[in-house]
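Look at the model below.

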Amino acid sequence: MKTFINVSDIGPLEKALAEAQEIKNNRFKYQHLGRNKTLMMIFFNNSLRTRLSTQKAAMNLGMNVIVLDVNAGAWKLETERGVIMDGDKSEHLLEAIPVMGCYCDMIGVRSFAGLTDREYDYAETVLNQFIKYSGKPVFAMETATVHPLQAFADLITIEEYWKKELKAKNQKPKVVLTWAPHCRALPQAVPNSFAQWMNAADVDFVITHPEGYELDSKFVGNAYVEYDQKKAFEGADFIYAKNWSNPGVTNPADYGKITSKDMSWTVDTEHMSWTNNGKFMHCLPVRRGLIVTDDVIESPNSIVIPEAANREISCSVVIKRMLEAL
């Protein structure tokens, strides 16, 4: 595996999930793969779980790790071609990337959407420059449009918490991705990847959000879109709450904007009462009182902490696959 961006990169999900369980049982089993190898992690924006889980996964696999925070520990980087660099940006990404490639065996990149130019964001301009010019395997630690390490961890968590007796009867869980309000404009990366991975998994998948917040069709796939949140929640086994700014699908001028702050979409106890004793999920960090109420996220049915812990496992599988391909 030379790149990891989309669910198709991981191959058969059943095999990937089995590998995740194997690694969870023995996190240091494949330490020999990473010995004398170096992972470089490039951060264009803040991170907690991604930074810690990815570094831990690489260390479990025996790797050396270099972490570069572009905004705090490097020259300001220009990403556009054809510009006259007479501003505050001292180095162009097209020189910086191959230099970074000289110092490592693998690169993880984290770069958010600008949320002003949909075409630029959805072209994954920054990530693709790393793939093209670094000369090294590259994986996404969240990009303008996707967050595959999170979605893989989400799937691992659902697999672990789906009722064994129902799994034995080949009954699929009902998984609902619900929009929730937020005070800031957030990217669509997490919901995009979650939708992509749930479409590939053996689940009944529903997306619910206010009208006008439709995700790109290439991520929605075969999911059922229900604009009535209560109907969507009925009988659900897993509720995945996440805000996203307007994707600009129905109205391109709305891209990246907050076009709804409807607080009735906040997941509270009443919302969860509509489910089949459903589990609550969120990628974190979460704004309490906006996305979810305290009583829900602190309830026994909240699995946000095990979900976060599985970030180490999903990343371990990805890095292991890439090491095997070196």
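Are R321 and E19 buried or exposed? R321 is buried, and E19 is buried too. Buried means under 20% relative accessible area, exposed means over 50%, and partly exposed lies in between (1.4 Å probe, protein chains only).

A word on the basis. This is a predicted model, in which local features need pLDDT of at least 70 and side-chain atom pairs count only at pLDDT 80 or more, while totals for chains, interfaces and linings use all residues. Residues are numbered from 1 along each chain as its sequence is written, and side-chain values use heavy atoms, with hydrogens and water left out.

R321 and E19 form a salt bridge, their closest N and O atoms lying 3.0 Å apart. R321 sits in helix 14 (residues 304–325) and E19 in helix 1 (residues 13–25), so this pair ties together parts 302 residues apart in sequence. Helices (H or I, at least four residues) and strands (E, at least two) are DSSP runs, numbered from the N terminus. A salt bridge puts a side-chain nitrogen of Lys or Arg within 4 Å of a carboxyl oxygen of Asp or Glu. The structure holds 13 of these salt bridges. Shared partners join E19, K320, R321 and E324 into one network.

Next, D69 and R51. Their salt bridge has its closest N and O atoms 3.8 Å apart. D69 lies in strand 3 (residues 64–69) and R51 in helix 2 (residues 49–60), so parts 18 residues apart in sequence are tied together. D69 counts as partly exposed because its relative accessibility is 22%.

Now go to the loops. K172 and D202 meet in a salt bridge, 3.4 Å from N to O. K172 lies in the loop between helix 8 (164–168) and strand 8 (174–179), D202 in the loop between helix 9 (189–200) and strand 9 (204–208), so the pair links parts 30 residues apart in sequence. K172 is partly exposed at 41% relative accessible area. D202 is exposed at 55%.

Finally, a helix pair. The axes of helix 4 (residues 93–102) and helix 6 (residues 125–133) come within 9 Å and cross at roughly 50°. Axes are lines fitted to C-alpha atoms, for helices over the stretch in contact, and angles run from 0 to 180 degrees between N-to-C directions. The two helices are therefore oblique to each other; angles under 35 degrees count as roughly parallel, over 145 as roughly antiparallel, 65 to 115 as roughly perpendicular and the rest as oblique. Helix 4 contributes L93, L94, I97, P98 and M100 to the contact, and helix 6 contributes V126, Q129, F130 and Y133. Contact means heavy atoms within 4.5 Å.
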